[in-house]
Amino acid sequence: MTATTYTRLEESVLQSIEKNKKTYIDVSYRIHENPETGNEEVFASNLLCSLLEDAEFEIERNIPEHETAFIARKSSAKPGLKVGYLAEYDALPGLGHACGHNIIGTTSVAAAIAVGKVIDEIGGEVAVLGTPAEEGGVNGSAKGTFVRHGLVQDFDACMMVHPLGRTTGSAETLAVDPIDFEFFGKSAHAAANPEEGINALDGIIQLFNGINALRQHVTDDVRIHGIILDGGQAPNIVPDYARARFFIRAATRNACNVITEKVERIAEGAALVTGSTYKFTRIQNGVDNFYVTPRFDEVFSEKAKRLGENYVEDRQGIGSTDAGNISQVVPTIHPYIKIGPESLVAHTNEFREAAKSEKGDQALITGAKALALTGLDLYTKPELLQEIKKQYQEGKL
């Protein structure tokens with residue numbers, strides 16, 4: 001491909017986003033004003049799909065296990081790459097879009113539509129993977145479902161961009177297992193005949209105590225945090241049922257599996273000690289650690305800098321994201337883009353307000369342009385994709 005042709009394609013991609021930026025900002029605002037929690041994102045999913053349908057994408061909605069999931073595709077008659085843009089659009093319970101998923105979903109859709117404008121010329125397929133419930137919850141982390149059902153393995157690359165207090169690259173994240181522990185006992189009057197009761201809450205308390213002891217003997221990357229969701233009905237009734245929820249995190253999926261097994265053995269011991277029984281339930285997909293491919297991130301950083309972003313090289317902090325599941329099977333980037341001051345912290349009221357602000361709007365449009373240009377490089381520079389895939393495979397050995 002000549003330099004002149006590439007420049008023309010770039011201009012077409014950028015013009016697509018610039019021309020429709022008011023529409024994209026309006027969509028982001030409408031999703032922000034109608035927050036929906038995981039697997040309930042009917043409004044957001046339909047709104048994003050409507051944009052894609054108008055851009056002549058074919059929509060597949062019958063995604064297993066998630067009614068609000070979708071895959072939107074636009075294909076060329078010419079052979080070529082298959083690149084996926086990851087869309088998130090769920091909100092946090094009680095906080096709304098305090099993680100900026102209104103921006104994430106719209107940004108990925110805008111980037112894909114822009115690439116779709118030139119897909120007939122560059123060849124291949126561009127897709128948007130609508131993945132509900134990134135924040136978790138019951139049957140949450142839909143990207144894990146997409147991987148489990150083999151819906152992403154044939155993509156050459158996947159990408160998204162996440163709002164933050166600064167613009168920076170993808171980061172390693174922790175694997176996490178969200179687990180519910182239910183304990184079952186026998187009710188009795190706590191004063192009149194306590195000897196006839198079996199206290200399910202005591203089982204939960206012993207589970208917490210055992211986990212606290214385990215914390216002395218784990219590596220620094222391990223995080224185990226939980227809450228009691230049901231501890232009984234009244235102090236004078238021996239609780240016959242109690243429930244707790246834990247998030248168990250570690251640096252890798254294998255390490256997380258080991259810790260989760262140890263925690264389940266603690267639950268078994270807690271049941272034996274108290275005479276209760278227990279049930280162990282994985283309430284959603286396990287989330288895998290994110291695998292960073294530096295060469296892929298370099299492409300995005302180049303585009304972000306060119307578009308005027310102050311790109312910070314070191315990414316601080318660590319959490320979890322189900323984009324990690326995608327990154328385990330396909331080269332993936334999950335960079336961040338600035339929507340407010342560096343002190344901005346996700347999952348707060350301040351972050352929610354930043355996700356619907358002038359700076360947030362700018363980040364949406366700049367992020368879409370950077371993602372679209374990153375994708376364009378993959379389609380038109382075969383040697384670049386080879387470098388990325390080589391680094392990805394060698395790093396995972």
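**View 1. Surroundings of Val 329 in the predicted model.** Val 329 touches Val 147, Val 152, Gln 153 and Tyr 392, leaving out residues up to four places away in sequence; contact means heavy atoms within 4.5 Å. Val 329 is found in the loop between α10 (323-327) and β13 (332-333). Helices (H or I, at least four residues) and strands (E, at least two) are DSSP runs, numbered from the N terminus. With a relative accessible area of 31%, Val 329 is partly exposed; buried means under 20% relative accessible area, exposed over 50%, and partly exposed in between (1.4 Å probe, protein chains only). Val 329 and Asp 154 are 175 residues apart along the chain, and their C-alpha atoms are separated by 9.3 Å.

The model is predicted: local features need pLDDT of at least 70 and side-chain atom pairs count only at pLDDT 80 or more, while totals for chains, interfaces and linings use all residues. Residues are numbered from 1 along each chain as its sequence is written, and side-chain values use heavy atoms, with hydrogens and water left out.

**View 2. The loop between β4 and α6, with Ala 133 and Asn 139.** Ala 133 is placed in the loop between β4 (125-130) and α6 (142-148), and Asn 139 lies in the loop between β4 and α6. Ala 133 has a positive phi of about 55° although it is not a glycine. Asn 139, likewise not a glycine, has a positive phi of about 55°. Ala 133 is buried, at a relative accessible area of 0%. Asn 139 counts as partly exposed, at 27% relative accessibility.

**View 3. The largest nonpolar core, around Leu 378.** The largest nonpolar core has 65 residues, and those with the most contacts inside it are Tyr 85 and Leu 378. A nonpolar core is a set of buried Ala, Val, Leu, Ile, Met, Phe, Trp, Tyr and Cys residues joined through side-chain atoms within 4.5 Å. Helix α12 (residues 358-380) gives the largest share of this core, eleven residues. Neighbours within four places in sequence aside, Leu 378 is in contact with Leu 81, Val 83, Ala 157, Met 159, Phe 296, Leu 384, Leu 385 and Ile 388.

View 4. Lys 262 is found in helix α8 (residues 253-274) and counts as partly exposed, at 30% relative accessibility. Between Lys 262 and Ile 211 there are 9.0 Å in space, C-alpha to C-alpha, and 51 residues in sequence.

**View 5. The chain as a whole, for reference.** The secondary structure of the chain comes to 13 helices and 14 strands. The radius of gyration of the chain is 23 Å, close to the 21 Å that the globule rule gives for 397 residues, so the chain is as compact as a globular protein of that length. The radius is taken over C-alpha atoms, and the rule is 2.2 Å times the number of residues to the power 0.38. Along its principal axes, the C-alpha trace spans about 85 × 45 × 40 Å. Of the 397 residues in the chain, 54% are buried. Among contacts with a separation of 6 or more, 80% are between residues 24 or more positions apart.
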